[in-house]
Amino acid sequence: MRFLLFAITCSFVFYSCNHTATNSNTNKYNSDSTFTLSGLIKGADAGSVVIVHKEENTKIYDTVTINKGSFTYAGKLQNGTQAFTVYLANMDEDRIDILVENTNIKLVAIAGKFTAAEVTGSAAQLSLIALQKQVTNLSQAMKEIDKQASEAELNGTLEAIGDSLFALYDLKDSLRQLIIATFAIENPTSIASAYAVSRNLLY
């Protein structure tokens, strides 16, 4: 199963697209193949955000100035959708991945809580969020099983209930993988599928 998912992911990698970009609020594009990422960062009136993306096989780090808590990053995707990573310049461990399309996308985040940011305007991002909610519920259930196993080990009951706990854990993990694999099969040309498979299954 993992070999199949790896093959699916490899086929999706080339769906990510090259683009040129700018952080100027005054630049306008007349082509339909453009995007604008507008951000509102609560708790960060000044400073900058770093936006990471790829152009061909090169990882690009763009720095965009925050002005009164807002920033704008515009560019042109040649086609399709691409994954961007966004974080505050001095907080690189607190980041969010955004599936950017040629449209107007809005990001509302709190400094220090980028992982919980709200992203609107990207259909690919919305489909990924819906998938992540299902996966997160199962992942939380798996963590709870881990906690129960640790407690059982401490109180000496793990031998009696361990097999049941581990079987339940494996079942939750299989369901999690099945949900992601089904999403990938039903959305074979979506970068959201490639992202979900690579981040949740290939480890």
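Visitor: Which residue in E4 is the bridge partner of His53?
Guide: Ile60 is the bridge partner of His53 in E4. Helices (H or I, at least four residues) and strands (E, at least two) are DSSP runs, numbered from the N terminus. This is a predicted model, where local features need pLDDT of at least 70, side-chain atom pairs count only at pLDDT 80 or more, and totals for chains, interfaces and linings use all residues. Residues are numbered from 1 along each chain as its sequence is written, and side-chain values use heavy atoms, with hydrogens and water left out.

Visitor: How many bridges join E3 to E4?
Guide: 8 bridges join strand E3 to strand E4 (residues 58–65), and the two run antiparallel. Two strands count as paired if DSSP finds at least two bridges between them. E3 and E4 form a hairpin with 2 residues between them. Glu56 in the turn has a positive phi of about 55°.

Visitor: How many residues of E3 are buried?
Guide: 6 of its 8 residues are buried, so the strand (residues 48–55) is mostly covered. Buried means under 20% relative accessible area, exposed over 50%, partly exposed in between (1.4 Å probe, protein chains only).

Visitor: And E3 with E6, parallel or antiparallel?
Guide: Antiparallel, with 4 bridges. Val49 stands opposite Leu88 in E6.

Visitor: New topic, rings. How many aromatic pairs in the whole structure?
Guide: A search finds 3 aromatic pairs. Rings of Phe, Tyr and Trp (its six-membered ring) pair if their centres lie within 6.5 Å. Planes under 30 degrees apart count as stacked, over 60 as edge-to-face and the rest as tilted. One of the pairs is Phe35 with Tyr73, tilted, at 6.0 Å centre to centre and 45° between the planes.

Visitor: Which strands hold Phe35 and Tyr73?
Guide: Phe35 lies in strand E2 and Tyr73 in strand E5 (residues 70–77), so the pair ties together parts that are 38 residues apart in sequence. Phe35 and Tyr73 are buried.

Visitor: What about Phe35 and Phe84?
Guide: That pair is edge-to-face, 5.5 Å centre to centre with 90° between the planes. Phe84 sits in strand E6 (residues 82–88), 49 residues from Phe35. Both Phe35 and Phe84 are buried. Ring pairs link Phe35, Tyr73 and Phe84 into a cluster.

Visitor: Which way do the side chains of E8 point?
Guide: They alternate along residues 104–110. Ile105, Leu107 and Ala109 point to one face and are buried.

Visitor: What pairs with E8?
Guide: Strand E2 (residues 35–42) runs parallel to E8, joined by 7 bridges. Thr36 has Asn104 as its bridge partner there. Strand E9 (residues 118–120) pairs with E8 in the antiparallel sense over 3 bridges. Val108 has Glu118 as its bridge partner in E9.

Visitor: How many salt bridges does a search of the whole structure find?
Guide: The search finds 1. A salt bridge is a side-chain nitrogen of Lys or Arg within 4 Å of a carboxyl oxygen of Asp or Glu. Arg176 forms a salt bridge with Asp173, the closest N and O atoms being 2.6 Å apart.

Visitor: Where are Arg176 and Asp173?
Guide: In helix H3 (residues 158–186), 3 residues apart, so they are separated by about one helical turn. Both Arg176 and Asp173 are buried.
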